[in-house]
Amino acid sequence: MRLGDLEFHILTDGTFRLDGGAMFGVIPRPMWARAAPPDERNRIVLSMNSLLIRTAGKCILVETGAGDKWDDKRRDIYAFEGAPRLPDQLAAHGVRPDQVDLVVNTHLHFDHCGWNTQRINGEAAPLFPNARYVVQRGELEHAHHPSERDRASYLPENFAPMEKSGQWWLIEGDQEIAPGVELIRAPGHNADMMCVRLSGGGQTAMLLGDLAPTTAHLPTAWIMGFDLYPMTTLENKKKWIAEIVRRDWLALFAHDRAVRAARLREKDGKVVAEPVAVD
Ligand SMILES: [Zn+2]
């Protein structure tokens with residue numbers, strides 16, 4: 001898909017499964033189960049979508065999925081599935097890891113930064129040797145000192161190696177990191193999660209990240225139980241979803257398996273997604 005001189009593709013690192021109740025917070029199961037049918041272990045299937053962006057001669061990867069540094073117990077819990085996974089999809093688009101200039105993590109939960117690193121001789125090392133990795137400074141600090149509540153979401157092997165290699169580019173607040181690529185801090189899911197806004201040629205697309213991970217999360221109250229600050233999620237969802245509807249931007253979803261991109265329309269007081277095909 002093209003936005004003026006900016007080109008982007010939506011790639012995926014396959015799917016994984018999380019508890020359906022945790023994914024929909026206070027929403028009763030009979031309601032969310034219609035939107036996202038659970039498996040026999042009450043888990044729903046989520047995609048891990050990434051953006052591959054080319055702009056101004058730069059190659060940018062947003063989100064790096066869950067990676068492959070997993071033991072058997074976790075593989076069973078999260079049921080990672082799907083091939084080709086992210087590195088193979090990059091190769092299919094003619095991109096070698098050493099050609100990536102910037103890697104953006106909207107935040108450092110394991111399903112957003114797994115392929116930041118790969119294990120070589122038992123040790124995790126950056127997969128993208130020439131890239132600067134971009135995240136909010138507060139998120140990297142939090143990743144080192146998570147609370148008892150979100151500790152399971154942070155795996156140091158996904159973010160510590162880039163400190164050793166000096167590859168982190170830590171930002172504070174909103175920042176344009178390349179022409180037409182803006183990172184926008186949108187707290188709620190945690191203190192420093194970011195959305196990504198792409199613009200060019202008079203058009204705009206916005207990756208909502210975990211503000212609204214799937215189209216099922218478009219209704220205002222459908223907020224993940226995982227969120228540390230759900231009332232802040234609520235405020236930011238209202239703000240950004242209304243903006244997307246009003247300005248007719250393309251909405252991009254980080255975890256929706258079926259609908260990766262959509263136009264959002266207001267119908268009878270509800271926001272509905274009209275899927276748009278993006279390769
Ligand atoms: Zn998250």
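Start by selecting A79, which sits in the loop between helix 3 and helix 4. Helices here are DSSP runs of H or I with at least four residues, strands are runs of E with at least two, and both are numbered from the N terminus. Helix 3 covers 72-78 and helix 4 covers 86-92. Before you go on, note that you're looking at a predicted model, where local features need pLDDT of at least 70, side-chain atom pairs count only at pLDDT 80 or more, and totals for chains, interfaces and linings use all residues. Residues are numbered from 1 along each chain as its sequence is written, and side-chain values use heavy atoms, with hydrogens and water left out.

What is the phi of A79? A79 has a positive phi, near 50 degrees, and A79 isn't a glycine. Most residues other than glycine have a negative phi, and most peptide bonds are trans. A79 counts as buried because its relative accessibility is 15%; buried means under 20% relative accessible area, exposed means over 50%, and partly exposed is in between (1.4 Å probe, protein chains only).

Stay in that loop and click on P84, which also lies between helix 3 and helix 4. The peptide bond leading from A83 into P84 is cis, with omega near -5 degrees.

Now hop to A56, in the loop between strand 3 and strand 4 (58-62). A56 isn't a glycine either, yet its phi is positive, about 50 degrees. Is A56 buried or exposed? With 56% relative accessibility, A56 counts as exposed.

**The zinc ion**

Next, select the zinc ion together with H107, H109, H189 and D210. The donor atoms are NE2 of H107, ND1 of H109, NE2 of H189 and OD of D210, at 2.1 to 2.4 Å. Donors are N, O and S atoms within 2.8 Å of the metal (3.2 Å for Na, K and Ca), and since water is not among the atoms, sites may look incomplete. Along the chain, the donors follow the spacing H-x1-H-x79-H-x20-D. Both H107 and H109 are buried.

Why is the arrangement of the four donor atoms irregular? The angles they subtend run from 84 to 174 degrees, and that makes it irregular. For comparison, four donors count as tetrahedral if all angles lie between 85 and 135 degrees; four count as square planar and six as octahedral if opposite donors are over 155 degrees apart and all others between 65 and 115; anything else is irregular.

**Cysteines on their own**

How many disulfides are there? The count is zero, where a disulfide is a pair of cysteine sulfur atoms within 2.5 Å. C59 is buried at 7% relative accessible area, and C195 is buried at 0%.

On a 1 Å grid over the protein atoms alone, a cavity is a set of points where a 1.4 Å probe fits but can't get out, while a pocket is an open set with protein on both sides within 12 Å along at least five of seven lines; lining residues have an atom within 4 Å of a point. Grid points are joined across faces, edges and corners, and a volume is the space filled by probe spheres set on the points.

For the largest cavity, select M48, N49, S50, E63, G65, D111, H112, A254 and H255, which line it. Its volume is about 40 Å³. Strand 3 (43-55) and helix 5 (110-113) each give at least two lining residues, and strand 3 has the largest share, with three.

For the largest pocket, about 440 Å³ in volume, pick L18, Y78, F110, S153 and F226, which lie nearest its centre among 23 lining residues. Strand 2 (6-19) supplies the largest share, three residues.

Finish at the second largest pocket, with a volume of about 360 Å³. Of its 15 lining residues, L218, P219, K270, V271 and V272 lie nearest the centre. Helix 8 and strand 16 (270-275) each give two or more residues to this lining, and helix 8 gives the most, with five. Which classes make up the lining of the second largest pocket? There are nine nonpolar, two polar and four charged residues; Ala, Val, Leu, Ile, Met, Phe, Trp, Tyr, Cys and Pro count as nonpolar, Asp, Glu, Lys and Arg as charged, and the others, Gly among them, as polar.
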